[in-house]
Amino acid sequence: MAPVFPLAKLAFLFVKQVARPLSSSIKRKAGRSHFFKENFCLPPARLYHWCEVRMKMYVMNIGRSGQSSTIPKLNEDAAIELGANLLGEGVIFGIAVGILAFEVIRQKEKEKKKDEDEQAFINSLENRINELTFASEELDTKLRELTRNIYAVQHQIKMKETKAAVTSKTTDVVLHSSSHSGTSSGVIVTALMYAKSRIFENTPEKSFTSVSLITTALLDAKSKICG
């Protein structure tokens with residue numbers, strides 16, 4: 001906390017040094033213009049002198065007990081010099097305060113813009129996450145549909161393989177029976193077609209491997225061949 005006071009003192013000295021040329025210019029202006037002297041230069045000097053003397057009297061316990069005390073007025077030259085110094089330092093302080101206020105406002109705007117950019121980035125991330133979630137759900141749905149299609153194709157392949165196996169067995173039985181009975185090829189073909197039609201007409205798709213129906217069809221084919 002100690003370095004603050006030397007810095008403040010240096011700042012005050014800097015303002016006084018910078019204000020000197022401005023004070024000299026104000027003095028010259030007050031010497032040339034009666035209006036400027038009476039309305040801008042002398043009033044702040046007289047007010048400052050009155051406050052300073054009143055404060056000193058209060059500290060020295062003068063005029064507290066109701067006794068009348070008059071405050072001497074400054075002569076015109078001293079008032080012009082004091083007013084010029086006050087106006088010069090006031091202008092410099094006003095410029096410094098304006099610069100400080102501008103810098104504070106600029107920093108606030110910068111922080112506000114930074115917060116808005118961060119919020120926009122967070123919103124874009126949330127939107128991207130929502131889009132990725134929707135895309136993931138869509139891919140999940142397509143994957144389930146593809147899995148169902150694969151199972152359906154596998155079921156159809158198994159049905160075709162079972163049909164082919166049943167047809168092969170029926171052909172073997174018919175050929176074996178025809179070799180023992182000496183029937184003509186036309187009767188064999190007729191019996192084979194009859195057995196095939198019996199199997200595929202009376203057997204549902206999901207259970208056409210039923211052994212009882214296949215056996216019945218084969219026995220009917222055999223009796224037709226032998227008969």
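Helix H2 (34-59) and helix H3 (76-181) each contribute at least two residues to the lining of the largest pocket, helices being DSSP runs of H or I with at least four residues, numbered from the N terminus. The model is predicted, and local features therefore require pLDDT of at least 70 and side-chain atom pairs pLDDT 80 or more, whereas totals for chains, interfaces and linings use all residues. Residues are numbered from 1 along each chain as its sequence is written, and side-chain values use heavy atoms, with hydrogens and water left out.

The largest pocket has a volume of about 160 Å³. A pocket is here an open set of points on a 1 Å grid over the protein atoms alone, where a 1.4 Å probe fits, with protein on both sides within 12 Å along at least five of seven lines; lining residues have an atom within 4 Å of a point. Points are joined across faces, edges and corners, and the volume is the space filled by probe spheres set on them. The lining includes Leu 42, Arg 46, His 49, Trp 50, Ile 71, Pro 72, Lys 73 and Leu 74. H2 provides the largest share, four residues. By class, six lining residues are nonpolar, two polar and three charged; Ala, Val, Leu, Ile, Met, Phe, Trp, Tyr, Cys and Pro count as nonpolar, Asp, Glu, Lys and Arg as charged, and the others, Gly among them, as polar.

H2 comprises 26 residues and spans 36 Å from its first C-alpha to its last, close to the 38 Å expected at 1.5 Å a residue, the expectation being 1.5 Å times one less than the number of residues. A kink of about 40° occurs at Leu 42, shortly before the proline Pro 43, the bend being the angle between axes fitted to the seven residues ending at a position and the seven starting there.

His 49 belongs to H2 and is buried, with a relative accessible area of 15%; buried denotes under 20%, exposed over 50% and partly exposed the range in between (1.4 Å probe, protein chains only). Other buried residues of H2 include Leu 42, Ala 45 and Val 53. Beyond its neighbours within four places in sequence, His 49 contacts Ile 71, Pro 72, Lys 73 and Leu 74, a contact meaning heavy atoms within 4.5 Å.

Leu 74 lies in the loop between H2 and H3 and is partly exposed, at 31% relative accessible area. Residues up to four places away aside, Leu 74 touches Ala 45, His 49, Ala 79 and Leu 82. Leu 74 and Leu 42 are 32 residues apart in sequence and 9.7 Å apart in space, C-alpha to C-alpha.

The protein chain as a whole has five helices and zero strands. Buried residues account for 17% of its 227 residues.
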